[in-house]
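Hi,

Here is the structure I promised to pass on. Have a look at it first, and then read my notes below.

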Amino acid sequence: MKKLLKTLSLIALLVVVSSCTSVRVAADYDKNANFGEYKTFAFFKTGIDKAEISDLDKRRILRAIEAELLAKGLTKSEKPDLLVSLFTKSQQRVDVYNNSWGYGGWGWAGWGPGWGMGPGWGWGWNQPSVSTSTQGVLYIDLIDSNKKELVWQGMGTGYLSRNMEKKEARIKEFVTEIMTKYPPGAQQ
């Protein structure tokens with residue numbers, strides 16, 4: 001029984017960790033747009049300035065978007081076909097775990113004839129643990145510069161890193177995953 005509970009806690013931890021590292025993406029686009037005609041891009045400063053994130057993070061996101069678009073064969077231009085804008089949202093998530101079954105974290109709360117009876121190890125009875133995380137959403141908008149219409153929007157949702165060393169890698173991961181959806185149909 002003890003081994004089973006340890007195994008279950010390890011599996012639960014792996015599920016939580018793996019879900020925190022993935023970015024869920026989606027995209028929407030104008031079915032009438034001819035994405036093969038778009039060859040150049042520029043950043044839409046007015047839209048980007050409205051994004052409620054630090055200037056450092058904006059620059060990280062813009063560098064990542066630029067690298068992705070250049071890799072897709074587009075070029076940066078003063079007279080672009082596409083304008084690139086972005087929008088962000090974040091939400092704090094608080095999880096409270098009540099370990100009332102005598103099991104918490106990594107260990108079993110006790111052994112003997114009943115739950116939590118006798119000398120045991122673990123967190124014990126009714127010891128709540130609190131976990132907080134920040135879930136972020138990054139929207140990347142591509143606007144037809146001639147028509148001034150949104151033609152493509154990619155969205156990535158995932159957990160953000162508080163670790164400064166990992167932040168840039170996490171931002172690149174968000175942008176890379178979102179941009180796999182551009183141009184529409186290319187990922188087939």
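Which residues in α3 meet which residues in α4? Keep in mind that this is a predicted model. On the α3 side you'll find D57, R60, I61, R63, A64, I65, E68 and L69. Their partners in α4 are M164, K167, E168, I171, K172, V175, T176 and M179. Sorted by class, this contact has eight nonpolar, one polar and seven charged residues.

Now for how the helices sit. Two packed helices are described by the angle between their axes and the distance between the axes. Here, the axes of α3 (residues 55-71) and α4 come within 9 Å and cross at roughly 40°.

Next, follow the chain past α4 (164-179) to the segment where P183 lies. A cis peptide bond joins Y182 and P183, with omega at about -10°. The C-alpha atom of P183 is separated by 9.2 Å from that of Y29, although the two residues are 154 apart along the chain. Y29 itself is in strand β1 (residues 23-29) and is partly exposed, with a relative accessible area of 35%. Leaving aside neighbours within four places in sequence, Y29 is in contact with F35, V151, W152 and P184.

K148 isn't a glycine, yet it has a positive phi of about 60°. Is K148 buried or exposed? K148 is exposed, with a relative accessible area of 60%.

Cheers

Technical notes:
Residues numbered from 1 in each chain as written. Predicted model: local features only at pLDDT ≥ 70, side-chain atom pairs only at ≥ 80, totals over all residues. Heavy atoms only, no water. Helix = DSSP H or I, 4+ residues; strand = E, 2+ residues; numbered from the N terminus. Buried < 20%, exposed > 50% of the residue type's maximum accessible area, 1.4 Å probe, protein only. Contact = heavy atoms within 4.5 Å. Axes fitted to C-alpha atoms, helices over the stretch in contact; angles between N-to-C directions. Nonpolar A, V, L, I, M, F, W, Y, C, P; charged D, E, K, R; others polar.
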